[in-house]
Each structure stands twice: as structure tokens, then as C-alpha cells.
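Visitor: I would like to go through this model term by term. Please set each value against its cut-off.

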Amino acid sequence: VMYNNDKKENKDDLVNFAKNRALRVELYSHLMLAISTKTHESTKSSENGNDSKRREEFMKLHYGELPTKTLETIYDTMSLYELNVCAVPGGQFVHLGTTRELMDFLTYGTSYDNPNITSINEEDTKNCEDIAKRMMEKRCRKFGKQNHLVRRSCSFVSNIDVHPSAVIMNSVLVCMNSEEESTKHNSIRSGNIGKYSILEHTNLVAQNGLDIGSDCLVSGLRGYSKDKITVPDGMCLQVVPLKCGWNKDNENIISDDVANDYVYMYL
């Protein structure tokens, strides 16, 4: 949801425009499938009809997804290029195409020295899915060690319990709590970051506690909060500023008062 300084109603206009006007062009299904997989000469040959047949199959496969003219333009442009794959002998491959894959790469890749941080134990590996997951974790650990990935990078954390598997990058996190609350819980720690969570580009002062669950990705959260901040398990939260600089009045960032200065994206 996007807000600006003029009208909050404009967010509906933006959503409607995206739904009704923007083209749903996908990388794999539209662009990649249009690329030729043979030499340009044989693909473009008019004698055997290879290209016309392949073009017809492409149009039939994606019928109704995009305007016909758009599909024709995509195919005619992309089919001029040939897909080439280079296989490195003895090489290993880690795919970072989704948020889940990126989070796994960082949490396991930075835990190459801690075999206890894993989603599945070796002895519990029973089916193909578990085996594939375990192999992926091993590759991430190997890549992480080779690339010197670390769990803390350019970060400062105060008064927060952080799980050993959590990753914090380019962030300042300060958590405060009242003396009464600290005494009641018999602990000076008033913040918590759960396992397999990632925080990046975050500069936050939480007045009354911070609780980040497990498997969370928090990016760009910044400012001062008078209330306790809670991010439930499995949430992806990204905050993008629409204005440069900081809020001079130290207003609560988690409020409608400053909603016109930020884009909040939740998943």
C-alpha cells in the first residue's frame, strides 16, 4: 500500500492501474521460453518450418495471458537469441530465486561453523524432499565458508537476545524497557530475535520491547517506537522511505502519523 502527501485515495488508483494496465510479463514462462535452443541458422530456417512451428506452439501455450501482438513481439525479439549453458566440471549450484532460498542461504551460509543450526537432522532424513533440503543446507554452508559470510555485519545490537542462527546486517537495534518490567522479568534483556530471522538496513529504538519471531525477514524498519514492536513468525516486512532524512520529531514510526512518508510491504 502506498501513501503520498496529497491523497490516501491515490493508493486505490495505483492498485487499479497495476491490475488493469500493467502487463503480466514473466521471466521464465514468457521470455525464457521464447529464446531459441538451437543454432540461429536452424531455428530461423524457413525450409523445415522449425521456427514457424515453435512460434505457433508458443502462442498457443500463452493464449489469453497477454495481448496477441505483445506475445508476437516477445517471441520475435527473444527468439533471435540462443540459450547457452556452461557446465563447470565438479561445480555446485545454489539457486537464489526466491525469498525463502535467499534466507536459507544467509542463515545456513553464516552457520558453517555450527552444525546444530539446521532444519532437519541427518538421522531424520527419510524422503527425497528431506534429502534435497539437507544437500541444499550443506551447499549453503560450503558457499558461506568460501565467501566468508558472517552473522553480524556493520551492526550494533543493545539489550536484545539474538538466536545464534539469526543474521543482522547494516543495522542498529536498541531496545529499552521500564525498570519495573526489567525487575519483574528478572532480566535486563527486553528484546528478542528468533531463529533463522534476518534483519537488514534497520535503525530502530524500541522504547517498550522488541519481539521478532522466527523465520522473519525485516528490512528498512527505522525510527523510534514508544510501543512494543512485535513481528510474528514467518513475516516478511520491508519499509521503504519516500522521503530523505529522519523524522525530526521522533514520532512513532509504527503509526498513521508518518504513514505518508513510507511504503509498508508485508508478506
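Visitor: Why does Y108 count as buried?

Guide: Y108 has 2% relative accessibility, and buried means under 20% relative accessible area, with exposed over 50% and partly exposed in between (1.4 Å probe, protein chains only). Y108 therefore counts as buried.

Visitor: What kind of model is this, and which conventions apply?

Guide: This is a predicted model, in which local features need pLDDT of at least 70 and side-chain atom pairs count only at pLDDT 80 or more, while totals for chains, interfaces and linings use all residues. Residues are numbered from 1 along each chain as its sequence is written, and side-chain values use heavy atoms, with hydrogens and water left out.

Visitor: What makes the pair of Y108 and Y196 edge-to-face?

Guide: Rings of Phe, Tyr and Trp (its six-membered ring) pair if their centres lie within 6.5 Å; planes under 30 degrees apart count as stacked, over 60 as edge-to-face and the rest as tilted. The ring centres of Y108 and Y196 are 5.9 Å apart and the planes are at 65 degrees, so this pair is edge-to-face. Y108 belongs to helix 6 and Y196 to the loop between strand 4 (191-193) and strand 5, so the pair ties together parts 88 residues apart in sequence. Helices (H or I, at least four residues) and strands (E, at least two) are DSSP runs, numbered from the N terminus. Y196 is buried, with a relative accessible area of 12%.

Visitor: How many aromatic pairs does the whole structure have, and why is the pair of F58 and Y75 called by another name, tilted?

Guide: The search finds two aromatic pairs. For F58 and Y75 the centres are 5.3 Å apart and the planes stand at 45 degrees, so the pair is tilted. F58 is in helix 4 (residues 50-61) and Y75 in helix 5 (residues 68-78), 17 residues apart. Both F58 and Y75 are buried.

Visitor: How do you know that D104 and R100 form a salt bridge?

Guide: The criterion is a side-chain nitrogen of Lys or Arg within 4 Å of a carboxyl oxygen of Asp or Glu. The N to O distance between the side chains of D104 and R100 is 3.1 Å, and they meet in a salt bridge. The two are four residues apart in helix 6 (residues 99-109), which means a separation of about one helical turn. D104 is buried at 5% relative accessibility, whereas R100 is partly exposed at 37%.

Visitor: Which parts does the salt bridge of D104 with K133 tie together?

Guide: The closest N and O atoms of D104 and K133 are 2.9 Å apart. D104 lies in helix 6 and K133 in helix 7 (residues 128-146), so the pair ties together parts that are 29 residues apart in sequence. K133 has 26% relative accessibility and counts as partly exposed.

Visitor: What makes R134 and E137 a salt bridge?

Guide: Their closest N and O atoms are 3.7 Å apart, and the pair is a salt bridge. R134 and E137 are three residues apart in helix 7, separated by about one helical turn. R134 is buried at 15% relative accessible area, and E137 is buried at 1%. The structure holds six salt bridges.

Visitor: Why is S165 called buried, and which side chain does its own side chain meet in a polar contact?

Guide: S165 has 0% relative accessibility, so it counts as buried. S165 is placed in the loop between strand 2 (160-162) and strand 3. A polar contact is a pair of N or O atoms within 3.5 Å; within protein, one must be able to donate a hydrogen and the other to accept it, and residues adjacent in sequence count only if both atoms are side-chain atoms. The side chains of S165 and H163 make such a contact at 2.8 Å. A polar atom of the S165 side chain also lies 2.8 Å from the backbone nitrogen of Y196.

Visitor: Where does pLDDT stay under 50?

Guide: pLDDT is the predictor's confidence in each residue, from 0 to 100. It stays under 50 over residues 1-8 and over residues 250-259. Where pLDDT is low, the predicted coordinates should not be read in detail. The mean pLDDT of the chain is 78, and 70% of its residues reach 70 or more.

Methods
Contact = heavy atoms within 4.5 Å.
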